Amino acid sequence: MRLKGFRIRQFAMADYNQVAHIWDVCNVPSPEGRREVQRRIERDPDLFLVADLNGTVVGVVMGAWDGRRAWCHNYGVDPQLRGQGVGSALVLALEKKVEEKGIPRLNAMVRKSDIASEGFYQACGFHKEDWQIMEWNSP
Ligand SMILES: CC(C)(COP(=O)(O)OP(=O)(O)OC[C@H]1O[C@@H](n2cnc3c(N)ncnc32)[C@H](O)[C@@H]1OP(=O)(O)O)[C@@H](O)C(=O)NCCC(=O)NCCS
């Protein structure tokens, strides 16, 4: 069954508490604080999208563009409303924005153990690439 009556729109700082709640209930590994979110929307405000159901945020995807590739970060949908097309509506809207900006690639980092997200991204038109992620952390 598809959820009716929600719309995809750009994130506004006034949504922060609701978005933080979605990240919390989705166990997003490194939830962003208010300061990081403020910094994020100084860069690509149009790529940070929420699903809004009658004024309530029920899903989020934080898009980013590093100048070469666009990325899907910190995505999640209210666990009560999964499987009804909200997540794919968010990612498809992000794909459209990325295309409109002339950015040729949209990537997502998915943990090898996260089979659900792998299936989800494949349903949204992504394919698997044989990369591994290397990370440096500020000491
Ligand atoms: C992944 C997630 C965003 C999907 O959201 P959703 O609203 O349930 O997704 P949709 O209903 O739009 O599903 C679209 C398609 O994705 C696929 N899909 C969704 N959930 C899936 C799952 N658990 N396993 C396999 N495929 C799945 C299906 O093919 C589905 O198509 P269908 O509706 O025709 O069956 C949601 O499950 C979620 O929030 N998971 C936790 C996210 C997370 O860990 N985020 C941290 C990353 S930083």
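Q: In what order do the elements of the chain run from the N terminus on?
A: The order is β-α-α-β-β-β-α-β-α. That makes four helices and five strands. Helices (H or I, at least four residues) and strands (E, at least two) are DSSP runs, numbered from the N terminus.

Q: What kind of model is this, and how are residues numbered?
A: It is a predicted model: local features need pLDDT of at least 70, side-chain atom pairs count only at pLDDT 80 or more, and totals for chains, interfaces and linings use all residues. Residues are numbered from 1 along each chain as its sequence is written.

Q: OK, the sheet. What is the strand order?
A: It is an open sheet, β1-β2-β3-β4-β5, with mixed pairing. Two strands pair if DSSP finds at least two bridges between them.

Q: Which strands stand at the edges?
A: β1 (6–10) and β5 (106–108). Each has a single partner strand, so one side of each lacks a neighbour in the sheet.

Q: And the twist from one strand to the next?
A: It averages 25°. Axes are lines fitted to C-alpha atoms, for helices over the stretch in contact, and angles run from 0 to 180 degrees between N-to-C directions.

Q: Do β3 and β4 pair parallel or antiparallel?
A: Antiparallel, over six bridges, between β3 (residues 56–65) and β4 (residues 70–77). Gly63 stands opposite Cys72 in β4.

Q: Which strands does helix α1 lie across?
A: Helix α1 (residues 16–25) lies across β2 (48–53), β3 and β4. It runs at about 85° to β3.

Q: Switching to the core. Which residues touch the most other members?
A: Val60, Val61, Leu90 and Leu94, in the largest nonpolar core, which has 25 residues. Such a core is a set of buried Ala, Val, Leu, Ile, Met, Phe, Trp, Tyr and Cys residues joined through C-beta atoms within 7 Å. Buried means 20 or more other C-beta atoms within 10 Å of a residue's own, with C-beta atoms placed from the backbone.

Q: Which element gives the largest share of this core?
A: α3, with six residues.

Q: What does Leu94 touch?
A: Leu47, Leu49, Val61, Gly63, Cys72 and Leu106, not counting residues up to four places away in sequence. Contact means C-beta atoms, placed from the backbone, within 7 Å.

Q: Last one: how much of the chain counts as buried?
A: 24% of its 139 residues.

Notes:
Two residues are in contact if their C-beta atoms, placed from the backbone, lie within 7 Å. A residue is buried if 20 or more other C-beta atoms lie within 10 Å of its own, exposed if 12 or fewer, and partly exposed in between; C-beta atoms are placed from the backbone.
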